[in-house]
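Please read it alongside the sequence and the model.

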Amino acid sequence: MPTQTPHSGLFIGLMSGTSLDGVDGVIAAFPSGPAQHPVATLASAYVPFSASLRAELMALQTAGQNEIEREALVANTLSSHYAACVERLLADAGLRPDQIRAIGVHGQTIRHRPELGFTRQANNPALVAELTGIDVIADFRSRDIAAGGQGAPLVPAFHQAVFADPAQTRVAVNIGGIANISVLRAQATPEQNRDVIGFDTGPGNVLMDLWIKRHHGKDYDENGMWAAAGQPVPSLLDAMRKEEYFAAAPPKSTGRDLFHADWLARHLSRLPQQFSPGDVQATLAQLTATTIADAIAQHAPTAQTVYVCGGGAYNPYLMQQLAHALQQRHLTASVQSTEALGIAPNHVEAVAFAWLALRFDQRLPGNLPRVTGARDLRILGALYPA
């Protein structure tokens, strides 16, 4: 009989990202000691958001009437979704609440303004603890911001711990609503994180999602079929790529505070002619692919492999465009999904927040100062006991 890998307890990770589609959850077991064994995912679950919840979360991205009360009510609704996801996870794994060490729950980002010293995630972790009977760890970003950092991205530390390879330089790319990269350089051990670079590259699916919603009423462009049927518009792509954020040096992070419908509308209005909606969609896919490729070319030109996670990994057209953009920049890295590393692309961020809960539980830092710009390593999160 094979021996079981010692682990540091079972942790649940919950993630709802900028795509505003729903909650992804996992139960994860992390190897104790050096990462000699892969992370074990015991169960996964998904709880979708209703159209009304998505609409309210979208509305809370900008200032509005009675927004404090509206945000509090949304936080309660979100927490019921988080608890429902936990219930499904436990049922699927055949586990009891007392067998889970803690839940790591990020909440739903509705404002992210690190340049003003704050970030805001809609969440009621006390209610999640009450509904699940499990300790909850939340509020992961604020301590990093208090230490002078961006509070984001937080996943590069997890990518380094789980995906790094001492024999080769890798890049982990998360394409959710916003895209981010982690440059994992070849080194002696995954714990040597001083050389890790990570930052938000710009739009992932956010602009493509809002554009297809406007013209076809769909939440996303399945398999990139609409974009694939169009022709990218070079003048529009060139104009959008002039956005100052793309040229800014890391550490940097972004979100819907910058890349939103009005941002796209301004670029479209400045062009002398109109283009078909399908051609605009193809251009938005190109924007995501080229800005990711630009970041890799600048910061990881010798990378052997690019591993993609997030919803974008399930878009064949976008994956093809990313591979093509890398080739255009004379980069030889292959493009694969994180499935090749043992974690499904749509589970990576949830596993990352389970890992951040583990780090808090062990009173170990969860940030990388070179990534976020914080003054030093910090323990991230706040505990809400069951």
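Ala-172 has Tyr-307 as its bridge partner in E11. The model is a predicted one. E8, residues 170–175, runs parallel to E11, and five bridges join the two strands. The points below start from this pairing and then move to the rest of the chain.

**The five-stranded sheet**

- E8 and E11 belong to an open sheet of five strands, ordered E10-E9-E8-E11-E12, in which the pairing is mixed.
- Strand E10 (197–203) and strand E12 (334–337) are the edge strands, each with pairing on one side only.
- On average, neighbouring strands here are turned by 25° against each other, with direction ignored.
- Helix H5 (residues 155–163) packs on this sheet and touches E8, E9, E10 and E11. The direction of H5 makes about 45° with that of E9.
- Strand E9 (residues 178–184) runs antiparallel to E10, and six bridges join them.
- Within that pairing, Ile-181 is opposite Phe-199 in E10.
- Strands of a sheet pair through backbone hydrogen bonds, in either the parallel or the antiparallel sense.

**Burial of strand E11**

- How many of the five residues of E11 are buried? Five of the five are, and the strand is mostly covered.
- In a regular strand, side chains alternate between the two faces of the sheet.
- In E11, one side carries Thr-305, Tyr-307 and Cys-309, and the other carries Val-306 and Val-308. These residues are all buried, and both faces of E11 are covered.

**Nonpolar cores**

- The largest nonpolar core has 50 residues, and Val-173 and Ile-296 have the most contacts inside it.
- Helix H11 (residues 277–299) supplies the largest share of this core, 10 residues.
- Which residues does Ile-296 contact, leaving aside neighbours within four places in sequence? They are Val-171, Val-173, Ile-181, Pro-301, Val-306, Leu-326 and Leu-331.
- Another core, of 35 residues, lies apart from the largest one; Val-39, Ala-102, Ala-350 and Leu-368 are among its members.

**The six-stranded sheet**

- A second open sheet has six strands in the order E3-E2-E1-E4-E7-E13, and its pairing is mixed.
- The edges of this sheet are strand E3 (40–48) and strand E13 (382–384), each of which pairs on one side only.
- From one strand to the next, the twist averages 20°.
- Strand E2 (residues 22–31) and E3 run antiparallel and are joined by eight bridges. Asp-24 has Tyr-46 as its bridge partner in E3.
- Helix H2 (residues 67–93) packs on the sheet, where it touches strand E1 (7–15), E2, E3 and strand E4 (102–105). The direction of H2 makes about 140° with that of E3.
- Helix H3 (residues 125–132) also packs on this sheet, touching E4, strand E7 (136–138) and E13. The angle between the directions of H3 and E7 is about 160°.

- Strand E5 (residues 108–113) and strand E6 (residues 118–122) are antiparallel, with five bridges between them.
- Gln-108 stands opposite Ala-122 in E6.
- Four residues lie between the two strands of this hairpin. In the turn, Gly-117 has a positive phi of about 85°.

**Aromatic pairs and charges over rings**

- The count of aromatic pairs comes to seven.
- Tyr-245 and Phe-259 form an edge-to-face pair, with 6.1 Å from centre to centre and 85° between the planes.
- This pair links distant parts of the chain: Tyr-245 is in helix H9 (residues 244–247), and Phe-259 is in the loop between H9 and helix H10 (261–269), 14 residues apart.
- Are Tyr-245 and Phe-259 buried or exposed? Both are buried.
- Tyr-245 and Phe-259 form one aromatic cluster together with Phe-246 and Trp-263.
- Lys-252 places its charged end over the ring of Tyr-245, 4.5 Å from the ring centre.
- Elsewhere, the charged end of Arg-363 sits over the ring of Phe-360, 4.5 Å from its centre.

Definitions and conventions: Residues are numbered from 1 along each chain as its sequence is written. This is a predicted model: local features need pLDDT of at least 70, side-chain atom pairs count only at pLDDT 80 or more; totals for chains, interfaces and linings use all residues. Side-chain values use heavy atoms; hydrogens and water are left out. Two strands pair if DSSP finds at least two bridges between them. Axes are lines fitted to C-alpha atoms, for helices over the stretch in contact, and angles run from 0 to 180 degrees between N-to-C directions. Contact means heavy atoms within 4.5 Å. Rings of Phe, Tyr and Trp (its six-membered ring) pair if their centres lie within 6.5 Å; planes under 30 degrees apart count as stacked, over 60 as edge-to-face and the rest as tilted. Buried means under 20% relative accessible area, exposed over 50%, partly exposed in between (1.4 Å probe, protein chains only). A charge sits over a ring if NZ of Lys or CZ of Arg is within 6 Å of the ring centre and within 35 degrees of the ring normal. A nonpolar core is a set of buried Ala, Val, Leu, Ile, Met, Phe, Trp, Tyr and Cys residues joined through side-chain atoms within 4.5 Å.
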